[in-house]
Amino acid sequence: MDDWLIYRGAGDPDPDRITRLPAAPAWRRFDGEGASHEAPPVDSTTLRRLGECGDGAPQHEARTLQTVNAALYLRRPLLVTGEPGAGKSTLAHAVAHELALGRVLQWPVVSRTTLADGLYQYDAIGRLQDAQLGTGPGAGAHDDIGRYIRLGPLGTALLATDRPRVLLIDELDKSDIDLPNDLLYVLEEGDFTIPELERITDRQPEATVLTDDGTRVVVRGGRVRCRAFPFIVITSNGERDFPPALLRRCLPLELGRPTDGRIAALVQAHFGAGEDERNAELIDRFLEGTAQGDLLPADQLLNAIFLTQQAGSSAAVRQQLAELLMRPIDQQHR
């Protein structure tokens with residue numbers, strides 16, 4: 001039976017489905033009531049007990065659905081690995097679309113990325129310049145420190161919301177050696193503090209800051225704590241090993257080559273319902289190439305669909321664009 005599944009991988013959006021998600025385990029509650037932060041390891045036995053997918057799904061697709069839903073139930077990040085084109089990054093978009101969880105918060109990681117980049121940025125220089133020049137809306141505007149703080153994608157994902165946000169931490173294996181360890185506390189506790197606000201809580205207990213979405217929210221006491229733990233997808237190309245402490249906090253998911261069901265859900269997530277059927281020829285071509293071992297990232301398919309839609313009724317132009325954009329990576333510079 002698949003009644004337990006919240007995310008079904010079908011691509012059809014259903015904003016009510018996330019409301020059927022049961023309460024978090026006692027050790028993964030973040031509203032401050034009865035929370036215990038001593039989290040037991042998550043193992044294969046836990047996943048098996050969560051249930052089984054329907055008999056019609058291929059084994060690897062069933063495993064993907066089980067693991068995604070396990071992450072939703074257990075409020076744990078997914079650590080997703082797989083070959084280029086397997087759909088690691090786009091899995092987050094598919095879940096966000098199907099569960100109507102809003103825009104995916106994206107945090108691309110490079111070698112210079114630090115934890116602070118994901119949590120928040122404080123524009124101390126801008127505040128100093130405004131203080132010196134006396135600029136800003138009204139006298140003493142430079143004293144409103146919240147105007148100079150912007151939450152990053154991770155910080156925005158940890159805001160206290162009723163519905164979980166979706167956060168994509170892309171290519172964590174490209175980071176500095178310290179970042180995976182620096183993430184441990186935030187992923188376990190679901191909160192962080194902003195020292196610049198914490199220091200002034202006696203005279204300014206609330207501050208309005210900018211989020212990664214471009215909206216403004218109130219932060220109280222200099223502390224951000226989630227209510228609904230975000231659905232976090234961490235992708236890795238396998239270029240390095242991660243510390244055991246991080247692995248213990250994540251659910252591992254290795255994606256094989258994409259199947260027609262996953263690609264159909266991906267196309268619907270980006271282009272709308274029914275677009276998988278209208279672009280069946282391109283999808284079939286993509287799947288045939290990947291089955292033959294071609295390196296075809298999923299975004300090449302999305303690019304091909306987008307551009308062929310712009311080509312209007314000219315079948316010849318659409319065919320030329322498809323041939324241009326659907327070439328395997330290892331053949332593009334020959």
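This is a predicted model: local features need pLDDT of at least 70, side-chain atom pairs count only at pLDDT 80 or more; totals for chains, interfaces and linings use all residues.
Me: Is helix 3 mostly covered or mostly open, and what residues does helix 3 span?
Reply: Helix 3 covers residues 88-98 and is mostly covered, with 8 of its 11 residues buried.

Me: Which residues of helix 3 are the buried ones?
Reply: They are Lys88, Thr90, Leu91, Ala92, Ala94, Val95, Ala96 and Glu98.

Me: What follows helix 3?
Reply: Ala100 follows helix 3, and the phi of Ala100 is positive, near 50°.

Me: At what angle do helix 3 and helix 10 pack?
Reply: The angle is about 65°, and the two axes are 9 Å apart. Helix 3 is therefore roughly perpendicular to helix 10. The crossing of helix 3 past helix 10 is left-handed.

Me: And how do helix 10 and helix 12 cross?
Reply: Helix 10 (residues 260-271) and helix 12 (residues 280-291) have axes that come within 11 Å and cross at roughly 135°. Helix 10 is therefore oblique to helix 12. In this case helix 10 passes helix 12 in a right-handed crossing.

Me: Changing topic, what volume does the largest pocket have?
Reply: The volume of the largest pocket is about 350 Å³.

Me: How many residues line the largest pocket, and which lie nearest its centre?
Reply: The lining of the largest pocket comprises 21 residues, and Leu21, Arg75, Arg227, Ala228 and Phe229 lie nearest the centre.

Me: What is the make-up of that lining by class?
Reply: The lining of the largest pocket has 12 nonpolar residues, 8 charged residues and 1 polar residue.

Notes:
Residues are numbered from 1 along each chain as its sequence is written. Side-chain values use heavy atoms; hydrogens and water are left out. On a 1 Å grid over the protein atoms alone, a cavity is a set of points where a 1.4 Å probe fits but cannot get out, and a pocket is an open set with protein on both sides within 12 Å along at least five of seven lines; lining residues have an atom within 4 Å of a point. Grid points are joined across faces, edges and corners, and a volume is the space filled by probe spheres set on the points. Ala, Val, Leu, Ile, Met, Phe, Trp, Tyr, Cys and Pro count as nonpolar, Asp, Glu, Lys and Arg as charged, and the others, Gly among them, as polar. Buried means under 20% relative accessible area, exposed over 50%, partly exposed in between (1.4 Å probe, protein chains only). Helices (H or I, at least four residues) and strands (E, at least two) are DSSP runs, numbered from the N terminus. Axes are lines fitted to C-alpha atoms, for helices over the stretch in contact, and angles run from 0 to 180 degrees between N-to-C directions. Angles under 35 degrees count as roughly parallel, over 145 as roughly antiparallel, 65 to 115 as roughly perpendicular and the rest as oblique. A crossing is left-handed if the near helix is turned anticlockwise from the far one by less than a right angle, and right-handed if clockwise.
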